[in-house]
Amino acid sequence: MGGTEHLDIQREGATLVLTLNRPEAKNALSLPMLVGLYDGWVEADADDSIRSVVFTGAGDSFCAGMDLKALAGKDTGGERYRDRLTADPDLHWKAMLRHYRPRKPVIAAVEGYCVAGGTEMLQGTDIRVAGESATFGLFEVKRGLFPIGGSTVRLQRQIPRTHALEMLLTGRPYTAREAVGIGLIGHVVPDGTARAKALEIAELVNACGPLAVEAIKASVYETAEMTEADGLAAELKRGWPIFDTADAKEGARAFTEKRPPAYKRA
């Protein structure tokens, strides 16, 4: 199990928990954080015993965006990770889920600030939980910058366009209640309990057939921009083979025997 000084990786049963760990800087993105985060996504996909991922931040924030000084590896001990970025110039975009989509479901657990790069990474997650005092927003436009982490493409596909454009063009902060109201997140919970709620959801996912879970997630994203006819054809192609798996047979046996299924991904 990997991790870096700015990214903790832990196991909670069948769930891998990735924690941004730079609380003194509100978990602003650094090179050690991005390297650890990318390695965490790869680890989750490579290990079949991992069924889900919870993505969160240490301290009182999720992520306050990019720290350009830290990304350059200055004053954070990040110089030793420069070779990773040189070897894979796309690594930071993969870490931020712009150019990488994990096979396993990713559940975001947000407390405090989730702004700029934080809100951009959020859009790469699948299920989202936030504490009631969480703050969201894309502040780049106020600084004369462009939210290049994918927000001008993804946000309008995830929430109504009028809300997406307001968030993008005003750069204003959004409360957790506003965020759930426009569909950016799915749950608002008492402060300090987002991680626990995310793990609760992860356990529900983990109890399901892993091959079915991964195929369903893949189908949702694969068909999102297809016509209905093309999407239904793609769904059938991806979904039908699941019925012939040992997982499917175990699910049927467990149902008839009124017991929890014991899935083995086969």
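Cys63 takes part in no disulfide, and the nearest cysteine sulfur, belonging to Cys114, is 7.3 Å away. In general, a disulfide is a covalent bond that links the sulfur atoms of two cysteines.

Cys63 has a relative accessibility of 0% and therefore counts as buried; the term buried denotes under 20% relative accessible area, exposed over 50%, and partly exposed the range in between, with a 1.4 Å probe and protein chains only. Cys208, at 37% relative accessibility, counts as partly exposed.

## Basis of the values

The model is predicted: local features need pLDDT of at least 70 and side-chain atom pairs count only at pLDDT 80 or more, whereas totals for chains, interfaces and linings use all residues. Residues are numbered from 1 along each chain as its sequence is written, and side-chain values use heavy atoms, with hydrogens and water left out.

## The six-stranded sheet

Six strands form an open sheet in the order E1-E2-E3-E4-E6-E9, with mixed pairing. Strand E1 (7-12) and strand E9 (187-189) are the edge strands, each pairing on one side only. On average, neighbouring strands of this sheet are turned by 20° against each other, direction ignored; the axes are lines fitted to C-alpha atoms, for helices over the stretch in contact, and angles run from 0 to 180 degrees between N-to-C directions.

Strands (E, at least two residues) and helices (H or I, at least four) are DSSP runs numbered from the N terminus, and two strands pair if DSSP finds at least two bridges between them. E1 pairs with strand E2 (residues 15-20) in the antiparallel sense over six bridges. Within this pairing, Val17 in E2 is the bridge partner of Gln10.

Strand E4 (residues 106-110) is mostly covered, with five of its five residues buried. Val106, Ala108 and Val110 point one way from E4, and Ile107 and Ala109 point the other way.

E4 pairs in the parallel sense with strand E3 (residues 52-57) over four bridges, and Val106 in E4 is the bridge partner of Val53. E4 also runs parallel to strand E6 (residues 127-131), to which four bridges join it. Val129 in E6 stands opposite Ala109.

## Helix H10

Helix H10 spans residues 210-222 and contains Ile216. This residue, Ile216, is exposed, with a relative accessible area of 55%.

Technical notes:
A disulfide is a pair of cysteine sulfur atoms within 2.5 Å.
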